[in-house]
Amino acid sequence: MIRGPHSDEQLALVERQIAIWTAGVDSVGALDDWTADGVLTAPRGVRLQASEVMGVIEGWHREFCDLRIELTSLVSSADGAWLAIEWTWNVTRRSDGKSSAMFDAIIVELADGLIVEWREYFDTFDSVEFDT
């Protein structure tokens with residue numbers, strides 16, 4: 001059960017973002033959820049324009065596999081312009097089979113239901129994605 005007040009449309013948007021990362025291809029129209037000038041930011045200085053996201057996902061899938069994302073919380077602001085997301089990101093590194101789980105908190109700014117900014121906050125300490 002996903003905790004927090006949110007709409008079905010907001011949940012569908014987040015599920016499309018999960019689908020693009022887990023599949024490595026945009027078979028669900030997840031990139032259409034972004035404004036043309038949308039931005040993704042993450043720890044360690046990551047800052048991507050929406051147009052760069054698919055290339056990063058494809059590169060990520062060359063190094064990692066078995067991604068499972070468990071959505072635990074999705075909270076919308078009263079006006080629907082902001083989302084707070086919590087999920088667990090489980091992944092395996094292809095080169096050595098080492099796996100890890102990472103807890104992730106995300107703040108999303110929306111405009112007309114589209115992603116303007118997606119800001120991720122997570123601890124990279126025990127992640128196989130960052131220990132090389």
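Eight aromatic pairs were counted in this predicted model, a pair being two rings of Phe, Tyr or Trp (its six-membered ring) with centres within 6.5 Å; planes under 30 degrees apart are called stacked, over 60 edge-to-face, and the rest tilted. Trp-87 and Trp-118 make a tilted pair, with 6.0 Å between centres and 45° between planes. This pair links distant parts of the chain, 31 residues apart: Trp-87 belongs to strand β4 (residues 82–93) and Trp-118 to strand β6 (residues 114–122). Strands (E, at least two residues) are DSSP runs numbered from the N terminus. Both Trp-87 and Trp-118 are buried, where buried means under 20% relative accessible area, exposed over 50%, and partly exposed in between (1.4 Å probe, protein chains only). Another tilted pair is formed by Phe-122 and Phe-130, at 6.0 Å centre to centre and 40° between the planes. Phe-122 is buried because its relative accessible area is 17%, whereas Phe-130 counts as partly exposed because its relative accessibility is 24%. One aromatic cluster comprises Trp-21, Trp-34, Trp-60, Phe-64, Trp-87, Trp-89 and Trp-118.

Residue numbers start from 1 along each chain as its sequence is written. Local features require pLDDT of at least 70 and side-chain atom pairs pLDDT 80 or more, while totals for chains, interfaces and linings use all residues; side-chain values rest on heavy atoms, without hydrogens and water.

Strand pairing was then examined; two strands pair if DSSP finds at least two bridges between them. Strand β3 (residues 64–76) is antiparallel to β4, with 10 bridges, and Cys-65 has Thr-92 of β4 as its bridge partner. Five residues separate β3 and β4 in their hairpin, and Gly-80 in the turn has a positive phi of about 75°. Two residues lie between the strands of the β5 and β6 hairpin, in which Asp-112 has a positive phi near 55°.

In a regular strand, side chains alternate between the two faces of the sheet. Strand β5 (residues 99–111) shows alternating side chains: Ser-100, Met-102, Asp-104, Ile-106, Val-108 and Leu-110 point to one face and are buried.

Note on methods. Helix = DSSP H or I, 4+ residues; strand = E, 2+ residues; numbered from the N terminus.
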